[in-house]
Amino acid sequence: MKQLGDIAGVFAYLSLLTVGGGMAAFPELKTLTVDTYHWVTFPEMLHFYSLGQLAPGPNMMMVVSIGAVVAGLPGAAVALIAFFLPTGILTWGIGRIWTRLATWRWRPAIQTGLGSVSVGLVLAGAIIMGRGAVTGVLWAAIAIVVFFLLLKTKINPAYPIVASGLVGMLAHWLL
Amino acid sequence: MNEASSSAEARPSLGRIFWVFLVMGATSLGGGVVGYLRTGLVVRNNWLDDVTFVELLSISQTLPGLNATNMSILVGDRLRGAWGAILATVGMCLPGATLMTAAAYAYNIGGDDPWSKAFLHGIAAGALGLIVVVMVQLGSRVLKGFADYVIVLATAAAVAFFHVQVPYALIAAGIVAIWWHRPREGKVHKPHNEPVGERHHE
């Protein structure tokens, strides 16, 4: 029961940090689930995060995996609700008054200002993720190739990401 | 323009809303939910026009929460009020949540195998490439002046190198950035460029 409460608290808190995308919450996600609560190791968290990029729907469904690892199906359900309910209610409420906010003179300032901050938070998340994911030249090469492929083409990201996994297996077989 | 008939078209049943979002939640593989949302909502079902879609997307991106679920809430609420919002969100989340629950159990069984570790480490490197692309594309749309880049680097350095907790960084950098872009007399602010043809993280 205490674990379910912890799961609810952690993921409700994390959800409020996802300004500009799930990656903005990555640094705190790592601190809380790995360092504070020891629910998963950093590599495990990275693996779930990356699998979550392959799953359909919202890309942070890995919170459900962590919930399930900690407390089974109830843990998965609590993580899901905690991660989507608080921001959901906020979005619902703001969505209803948005037409009135449309002419508010501070609105462009808030939108542009928070835009820069969210890019900064995503960059921080990418740096922290890179420390775990790029543990050698091969992994750096994979990340760079996928980066340029996705930047220059319209290919579905699922293909190069799965291919990256296969390259990882190939390297394991050869080395 | 007949108001009654156009609004009747725009009010699908709750079951229909749930089904359409469930299909999008199940088929939007590869992190491009926004593209799937546009196809499902604007093109196939004609529930929104493109202008409204971009407007709702800009609300979704400004508020905390993921684009996919924020869009589900905003669109569901427009179509059918609170229940529409709830059913759209549940439909959007259900397939991915089921899969990732299954993934957790599978990981328990096979996660320690060196072959699956090698595979998972590979996809982590690939996913990092995806995240950096999404960041570059978000940045090219959002960042306009030198000051914006300073905000980005300061926020990132504070969190990644000086271990500042995200909420403090968010609030401090947010206040500075919003103040920098504060409304001034005689200066017309333009909102973000429309996110056309861009990869989205949700």
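The model is predicted, so local features are given only at pLDDT of at least 70 and side-chain atom pairs count only at pLDDT 80 or more, while totals for chains, interfaces and linings use all residues. Residues are numbered from 1 along each chain as its sequence is written, and chains are lettered from A and ligands numbered from 1 in the order in which they are written.

Chain A holds seven helices and zero strands, where helices (H or I, at least four residues) and strands (E, at least two) are DSSP runs numbered from the N terminus. Its order of elements from the N terminus is α-α-α-α-α-α-α. Along the principal axes, the C-alpha atoms of chain A fill a box of roughly 60 × 45 × 25 Å. Of its 175 residues, 53% count as buried; a residue is buried if 20 or more other C-beta atoms lie within 10 Å of its own, exposed if 12 or fewer, and partly exposed in between, with C-beta atoms placed from the backbone. Chain B has eight helices and zero strands, and 47% of its 202 residues count as buried. Contacts join two residues whose C-beta atoms, placed from the backbone, lie within 7 Å. Among the contacts in chain A with a separation of 6 or more, 57% come from residues 24 or more positions apart. For chain B, residues 24 or more positions apart account for 57% of the contacts with a separation of 6 or more.

The interface comes next. Here 88 residues of chain A are in contact with 83 residues of chain B. On the chain A side, two or more residues each come from helix H2 (26-36), helix H3 (42-54), helix H4 (62-101), helix H5 (107-133), helix H6 (137-152) and helix H7 (158-174). H5(A) gives the most to this side, with 22 residues. By class, the side of chain A that touches chain B has 58 nonpolar, 28 polar and two charged residues; Ala, Val, Leu, Ile, Met, Phe, Trp, Tyr, Cys and Pro count as nonpolar, Asp, Glu, Lys and Arg as charged, and the others, Gly among them, as polar.

H5(A) also packs on a helix of the partner chain. Its axis lies 8 Å from that of H8(B), at an angle of about 140 degrees, with axes being lines fitted to C-alpha atoms, for helices over the stretch in contact, and angles running from 0 to 180 degrees between N-to-C directions. H5(A) is therefore oblique to H8(B); angles under 35 degrees count as roughly parallel, over 145 as roughly antiparallel, 65 to 115 as roughly perpendicular and the rest as oblique. The crossing of H5(A) and H8(B) is right-handed, a crossing being left-handed if the near helix is turned anticlockwise from the far one by less than a right angle, and right-handed if clockwise. Residues that meet here include Gly113(A), Val117(A) and Gly120(A) from H5(A), and Leu170(B), Gly174(B) and Trp180(B) from H8(B). The residues of this contact divide into 11 nonpolar, four polar and no charged.

Within chain A, the axes of H3(A) and H5(A) come within 10 Å and cross at roughly 115 degrees. That angle makes H3(A) roughly perpendicular to H5(A). Phe42(A), Pro43(A) and Leu46(A) of H3(A) make the contact with Met129(A), Gly132(A) and Ala133(A) of H5(A), and H3(A) passes H5(A) in a left-handed crossing.

Turning to chain B, helix H7 (residues 146-160) has 15 residues. Among its buried residues are Asp148(B), Ile151(B) and Thr155(B). The cover over the buried residues of H7(B) includes H2 and H5 of chain A together with helix H8 (166-180) of chain B. Elsewhere in chain B, the axes of helix H4 (residues 50-62) and helix H5 (residues 67-110) come within 9 Å and cross at roughly 130 degrees. H4(B) and H5(B) are therefore oblique to each other, and their crossing is right-handed.

Two loop residues deserve a mention. Most residues other than glycine have a negative phi. His38(A) has a positive phi of about 55 degrees although it is not a glycine; His38(A) lies in the loop between H2 and H3 of chain A and is exposed, with 8 other C-beta atoms within 10 Å. Asn46(B), also not a glycine, has a positive phi of about 60 degrees. Asn46(B) is found in the loop between helix H3 (33-44) and H4 of chain B, and Asn46(B) is exposed, with 10 other C-beta atoms within 10 Å.

Notes. The expected span of a helix is 1.5 Å times one less than its number of residues.
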